[in-house]
Amino acid sequence: MSKVPITVAYGDGIGPEIMAASLRILEAAGAQLAIETIEIGEKIFLTGNTSGIPEKAWESIKRTGIIYKGPITTPQGGGFKSINVTIRKTLGLYSNVRPVMSYYPFIDTRFHKVDIVIIRENEEDLYAGIEHRQTHEVYQTLKLISRPGSERINRYAFEYAQQNGRKKVTCFTKDNIMKMTDGLFHKVFNEIAAQYPEIEHEHKIIDIGAARAATRPEDFDVIVMPNLYGDVVSDIVAELTGSVGLAGSANVGDKYAMFEAIHGSAPDIAGMGIANPSGLLLGGVMMMVHIGQNDVAEKVHNAWLKTIEDGIHTGDIYRDSTSKQRVNTEAFADAVIERLGQTPQQLPAVKYSVSQPIRVTYQQKFPHVKKELVGVDLFLHWDQQGRDPNIIGEELSKLNGDHLQLIMITNRGQKVWPAAFSETFNTDHWRCRFMSPGEMPIKHHHIISLLQRAANAGYDFIKTENLYMFEEERGFSLGQGQ
Ligand code: NAD
């Protein structure tokens with residue numbers, strides 16, 4: 001078999017130790033890999049490159065299309081962007097797959113039956129990283145959820161379930177509050193679910209969903225989520241199994257894929273040679289399946305299960321009650337290599353049948369309905385006259401005219417004009433909704449002349465959001481209490 005080119009980044013902190021151990025195991029099992037090594041992360045950040053990824057590294061990644069990556073430290077402050085987010089978004093790795101299992105009774109955990117695959121949307125949501133400080137008191141981040149993004153990840157989840165014999169897909173969102181963004185994700189989940197009638201589906205609001213996943217993980221099979229919820233819930237679920245050091249992760253797109261552990265660079269134990277390489281190794285197993293070397297994936301995974309079963313454990317999972325031998329990273333790798341060819345006796349052995357990488361395209365073109373501009377939300381930085389909403393309401397009403405009238409003011413989303421409650425706390429950030437009478441269509445120049453009147457009156461407007469109707473559907477939320 002010819003060698004498959006891959007790009008390897010050893011990473012920061014414990015990265016070099018666990019990557020060396022994982023590669024040693026994969027190669028001992030017969031992995032056919034042509035490795036190109038790149039340097040990304042902390043050292044590159046410190047040369048002043050704020051992306052942390054030099055051009056040479058991108059060239060290798062584009063050439064091989066497959067990245068096997070150790071954890072990377074994102075220095076705090078200094079404007080450094082997370083490399084993981086940059087790679088995921090640049091390469092369109094829209095799907096993050098995180099299988100999490102418990103290995104009871106061999107690894108101590110209160111939860112004996114965890115077998116969950118978290119499928120996390122990887123490109124959108126609050127990770128758009130579009131943040132602004134708008135007033136002295138208020139900062140903003142944009143949460144972006146798209147139809148193609150929601151469709152691809154939900155379809156990926158059902159395709160994954162089908163290909164891997166999974167029975168149920170659960171979706172977590174917070175669409176009781178974010179009716180438009182999370183509402184879209186949930187709606188698309190239902191549409192896609194209807195195309196896979198053999199797979200059970202359910203939706204839970206993220207708060208109760210996460211609480212249930214943390215207390216009754218046996219109730220879940222595949223869980224699909226928008227980006228931020230997926231990030232949080234996958235760490236919670238991984239920790240239930242005994243250590244965050246046990247889970248691997250695949251970031252998959254149409255052309256590229258990246259494999260890693262779910263944990264970080266663990267600076268507290270870096271250089272000590274005691275880190276658990278299991279998460280990165282299991283990420284490597286997912287990579288071997290992805291590149292079609294299923295026999296190697298199976299051999300490594302089963303030898304790893306046997307090592308765990310034999311009680312040979314690194315410090316993070318070592319317990320007197322369940323473990324037999326406490327080992328460091330290298331000795332753990334040696335133990336796995338010794339067991340290549342063996343299968344676990346009590347834990348279920350894995351079998352990787354030959355499968356194609358899941359390819360999902362945006363199939364359901366969303367119908368372009370008539371879109372009409374009917375008003376504008378004008379956001380103001382206003383900190384005068386005791387922040388009295390009645391005063392700003394009265395003053396701003398003087399800007400009415402030319403098809404636009406002030407109908408509502410909110411402060412942090414809560415309606416404060418007309419009919420303010422004196423108890424409502426007000427910041428210096430006001431959203432002022434101007435609409436055309438009867439929501440009649442208006443033109444951009446009506447908004448421009450409103451802005452001109454606001455500027456002439458000395459208002460500091462910090463941004464505008466246009467209000468659209470999409471045929472009968474309102475393209476904006478109402479104010480809280482409106
Ligand atoms: P972390 O996951 O690095 O560590 C959390 C705790 O778990 C620590 O006590 C650590 O010692 C332990 N731990 C983690 N992996 C382990 C392993 N393999 N074996 C034994 N113990 C292990 O999380 P953190 O401390 O919040 O983050 C440290 C750095 O890692 C930060 O700079 C963060 O940005 C980065 N990070 C990177 C990735 C990634 O590259 N994918 C993911 C998460 C965090």
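Reader: Which charged residue sits over the ring of Phe379?
Author: This is a predicted model, where local features need pLDDT of at least 70, side-chain atom pairs count only at pLDDT 80 or more, and totals for chains, interfaces and linings use all residues. Residues are numbered from 1 along each chain as its sequence is written, and side-chain values use heavy atoms, with hydrogens and water left out. A charge sits over a ring if NZ of Lys or CZ of Arg is within 6 Å of the ring centre and within 35 degrees of the ring normal. At 5.0 Å from the centre of the Phe379 ring, the charged end belongs to Lys463.

Reader: How far is Arg152 from the ring centre of Tyr94?
Author: Arg152 lies over the face of Tyr94. Its distance from the ring centre is 4.1 Å.

Reader: Why is the pair of Tyr103 and Trp304 called edge-to-face?
Author: Rings of Phe, Tyr and Trp (its six-membered ring) pair if their centres lie within 6.5 Å; planes under 30 degrees apart count as stacked, over 60 as edge-to-face and the rest as tilted. The structure holds 7 aromatic pairs. In this one, the ring centres of Tyr103 and Trp304 are 5.1 Å apart. The pair is edge-to-face because its planes stand at 80°.

Reader: Is Phe220 buried or exposed?
Author: Buried means under 20% relative accessible area, exposed over 50%, partly exposed in between (1.4 Å probe, protein chains only). Phe220 has 5% relative accessibility, so Phe220 counts as buried.

Reader: What angle lies between the planes of Phe172 and Phe220?
Author: Phe172 and Phe220 form an edge-to-face pair. Centre to centre, the distance is 5.8 Å. The angle between the planes is 90°.
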